[in-house]
Amino acid sequence: MTTYVYDFSEGSREMAGLLGGKGANLAEMSRMGLPVPPGFTVTTEACRVFLATGAPPEELDGQIARHLAALERATGKRLGQVDDPLLLSVRSGARFSMPGMMDTILDIGLNDLAVLGLGKTPERERFAWDSYRRLVQMFGSTVMAADGALFEKLIGALERQHKAADDSRLDTVDLIRLVECFKDIIAEQTGEEFPQDPAEQLKRAVLAVFSSWNSERARIYRRREHIPDDLGTAVTIQTMVFGNLGPDSGSGVAFTRDPATGRPGVYGDYLPNAQGEDVVAGIRNTVPLQRLADLDPGSYNELRSCMDRLEARYRDMCDIEFTIERGKLWMLQTRVGKRTAQAAFGIAAQLADEGLISPQEALARVDGDALVHLMFPRFDTSDPGVGEVVARGVPASPGAAVGAVVFDSAEAVRRAGAGEKVVLVRLETSPSDLPGMIAARAVVTSRGGKTSHAAVVARGMGKVCVCGVEGITVDLEERSLTTADGVTVTEGTTVSVDGTEGTVRLGAVPLAESEVMRYFEAGGRAPDGEAPQVVRDVHRLMTLADSERRLEVRANADTPQDAARARRFGARGIGLCRTEHMFLGDRRPLVEAMILADTDAARAEALGALLPLQREDFTGILEAMDGLPVTVRLLDPPLHEFLPDRTELAVRIAREETAGRIPAARDRELLAAVTRMHEKNPMLGLRGVRLGLVVPGLVAMQVRALAEAVVARRRAGGDPRAEIMVPLVDAAEELRLVRDEVEAVLACVAKESGVALDCPVGTMIELPRAALTAGRIAREAHFFSFGTNDLTQTTWGFSRDDAEAAFFPAYLDRGVFERSPFETIDREGVGRLVEIAVAEGRASRPDLTTGVCGEHGGDPASVHFFHAVGLDYVSCSPFRVPVARLEAGRAALPPPSGDSST
């Protein structure tokens with residue numbers, strides 16, 4: 001019989017796949033002897049059965065009943081007993097942390113009779129009715145699908161009536177009224193009464209948590225975080241402990257290090273006389289965790305001890321939820337904490353210094369996405385014209401963002417979809433705000449702290465966030481906010497949010513380069529002791545990555561300026577220099593002249609005019625990359641792309657004729673050329689190697705310009721290392737014909753100059769046929785460079801420009817693919833072709849060099865794939881070179897051992 005339920009004592013953190021992160025970590029804390037309220041976990045396997053069949057496994061009810069009976073014996077209480085009943089929490093717990101995305105129900109077991117037993121003494125009466133209110137509210141909205149906003153509206157009305165700051169100021173009579181009103185709302189909205197049977201409450205709560213795995217907010221979050229849809233969630237069922245019993249009780253969230261900066265110390269929030277949900281939801285403003293040392297020194301010291309033990313056990317920064325009940329500390333949850341990019345680099349370096357992890361493990365703990373975030377600009381507040389700070393709050397997630405203020409998720413999504421940058425402002429966020437948080441550049445809340453829903457989710461997504469801005473009053477009905485100084489900010493007003501300083505300013509504050517970007521622009525030299533700590537941490541891990549990696553990193557660069565920047569950023573050559581970019585701007589008329597030429601002499605004259613200009617470009621690029629390889633791709637796009645738009649020309653000519661004027665002869669010539677060259681599908685038409693074979697002199701001009709640039713650099717004492725790449729080859733015969741022409745030109749220039757030329761000739765593999773016949777093509781090529789942009793288009797059979805606008809959103813939403821295949825390599829299809837081509841190419845030519853020059857060359861996940869299949873280098877845009885270097889180093893690390901949960 002399959003086991004679907006495990007007691008906390010039966011699990012460990014290595015069982016996160018089965019017990020979920022929460023269940024596995026509760027089991028680990030239990031094994032460590034930490035004070036954990038007893039309970040048990042329903043497995044993810046049970047959830048998967050439910051999701052697949054619409055019903056839980058047949059054995060589940062019996063297994064839950066047996067574990068519940070054991071729990072009742074251990075606690076001396078029974079679920080549903082009238083006098084001091086056993087109460088339970090029912091929480092979701094997926095393998096990967098999804099904060100706030102799925103459902104939680106507290107105080108299962110209360111009903112109209114049990115609440116009287118729970119509050120049998122005057123000092124417990126308010127607590128009992130507050131707990132019952134929470135259960136009816138959570139169960140009604142989560143399990144019975146009543147409108148949660150109606151509950152909140154009633155609470156708000158009572159708070160205003162009593163001029164109460166929050167619900168903690170409501171008295172027992174108010175809470176009794178709320179319970180009865182909530183039950184009326186449930187009956188009116190759902191057609192059924194709130195269930196009084198605790199066993200029914202428990203069963204329905206478990207199934208509701210299962211169902212929440214496929215809620216819209218959970219699916220959106222998984223898509224963004226690339227969490228598989230088929231994992232399912234576990235359910236933890238745990239004895240309730242209460243932080244709302246009075247001033248000697250409370251709840252909080254603690255981090256063993258600062259999740260925003262990585263600095264060591266005690267960080268977190270505490271809320272006296274409150275349940276944990278109040279802290280996370282941000283509905284009341286918390287106090288810093290350090291205040292607990294004054295409020296309850298014994299619990300504070302015990303918590304510090306638990307934090308130290310957990311960090312040593314997990315060898316990482318831990319995120320901890322706890323409750324204090326009448327002076328007794330209870331640990332409710334731990335996990336490896338989410339952190340900002342700055343904190344990720346800082347914590348990894350610190351843990352290595354402390355000997356908790358090895359340098360290689362430190363490298364594995366950071367990634368390219370975090371590095372990109374650190375390269376983003378920050379606000380430049382040195383300008384005296386910068387707007388003053390109108391609000392201050394908790395700096396919950398660092399960074400700088402500018403956008404128009406909006407006050408609800410739907411408006412954020414609508415405006416962002418129209419291309420507008422927005423800042424989402426809320427009292428506090430809830431899981432239903434996730435689409436708006438994704439759409440916004442920054443999130444600002446008037447309530448909550450560093451551990452509120454807004455803060456945790458924003459940090460996980462790399463969004464700027466400022467929480468707990470107490471000085472502002474948010475009026476959702478009027479769609480405005482008012483600052484402490486009386487400044488009113490209406491929807492659509494532009495503000496600048498600084499998540500590092502925790503400030504909000506009116507207007508758009510100019511941006512300045514980040515310290516990390518300045519470090520790379522300066523060539524990545526070792527920083528001195530005065531450099532910001534984040535720069536020192538980045539340098540340390542980048543140096544380690546360079547020492548570990550096997551893959552070389554080159555850059556895609558078409559100008560001397562791009563080449564110089566790429567070299568400063570650590571590129572070891574150019575993997576793609578696109579010659580077509582040298583034919584634009586004021587050189588375009590020369591290309592038009594070549595296209596319009598109707599004789600060999602006219603074409604030769606036009607090509608002759610282009611040659612010195614291209615030679616000058618090549619010389620500058622070779623100088624910037626002196627001593628490193630520069631791979632020059634011969635002209636690839638169809639020639640008609642260098643001509644004016646066909647419709648525009650036709651309209652211009654028609655307008656002249658309508659006005660009785662004679663159209664310009666050149667316009668007529670251009671229109672005739674565009675019409676002649678028009679193709680139904682130019683991506684698969686006359687381009688690449690085909691141009692070189694049918695347009696006389698085109699290949700020779702480009703090769704001569706490059707060869708003469710090599711000669712010029714040699715005579716100047718340089719060390720140019722040019723390589724020539726032939727694009728869009730389908731057959732070995734195409735490459736052989738062009739290679740013969742290339743070598744003839746090189747021999748001619750060598751003879752004329754007296755300088756020996758050795759420029760390897762290779763090809764781009766960007767068509768399925770080329771990949772499948774790579775063995776033959778390799779006999780004619782010194783190197784392969786995979787053009788994965790076009791290889792993806794031709795393998796999938798769609799145009800990137802059309803597909804991304806037309807149906808990609810639907811494909812991502814419906815799970816056809818988890819990520820766009822143009823962002824991350826499609827391993828099963830395109831990746832398989834790459835593997836075949838590498839294997840067959842090297843079988844024919846063992847010394848074949850292989851690389852990639854599509855945008856995938858800078859994508860972190862794709863870099864790991866290219867390392868695994870044995871490519872020699874990746875090439876990407878200059879800005880992504882540091883990311884590729886870091887990920888190439890991480891790809892070379894041995895796979896992690898064990899199954900640590902997050």
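**Ground rules.** I am working with a predicted model, where local features need pLDDT of at least 70, side-chain atom pairs count only at pLDDT 80 or more, and totals for chains, interfaces and linings use all residues. Residues are numbered from 1 along each chain as its sequence is written, and side-chain values use heavy atoms, with hydrogens and water left out.

**Entry 1: Gly468.** I looked up its place and found Gly468 in the loop between β17 (464–467) and β18 (473–475). Helices (H or I, at least four residues) and strands (E, at least two) are DSSP runs numbered from the N terminus. Is Gly468 buried or exposed? I noted a relative accessible area of 11%, so Gly468 is buried; the cut-offs are under 20% for buried, over 50% for exposed and in between for partly exposed, with a 1.4 Å probe and protein chains only.

Next I listed its contacts (heavy atoms within 4.5 Å). Leaving aside neighbours within four places in sequence, Gly468 touches Asn285, Arg392, Gly393, Val394, Thr445, Ser446, Arg447 and Gly448. I also checked Lys153, 315 residues away along the chain: its C-alpha atom is 21 Å from that of Gly468.

**Entry 2: aromatic pairs.** How many aromatic pairs does the structure hold? I have 17 in my notes. Rings of Phe, Tyr and Trp (its six-membered ring) pair if their centres lie within 6.5 Å; planes under 30 degrees apart are stacked, over 60 edge-to-face and the rest tilted.

I picked Trp796 and Phe817, an edge-to-face pair at 5.5 Å centre to centre with 85° between the planes. This pair links distant parts of the chain, 21 residues apart: Trp796 belongs to helix α31 (residues 788–796), and Phe817 to the loop between α33 (808–813) and α34 (830–844). Trp796 is partly exposed at 31%, whereas Phe817 is buried at 9%.

Then I took Phe798 and Phe822, which are tilted, with 5.9 Å between centres and 55° between planes. Phe798 lies in the loop between α31 and α32 (800–806) and Phe822 in the loop between α33 and α34, so their pair ties together parts 24 residues apart in sequence. I have Phe798 as buried at 11% and Phe822 as buried at 2%.

Ring pairs join Trp796, Phe798, Phe807, Tyr811, Phe817 and Phe822 into a cluster.

**Entry 3: charges over rings.** My criterion is NZ of Lys or CZ of Arg within 6 Å of the ring centre and within 35 degrees of the ring normal. The charged end of Arg13 sits over the ring of Tyr314, 4.7 Å from its centre. I found Arg222 with its charged end over the ring of Trp213, at 4.0 Å from the centre.
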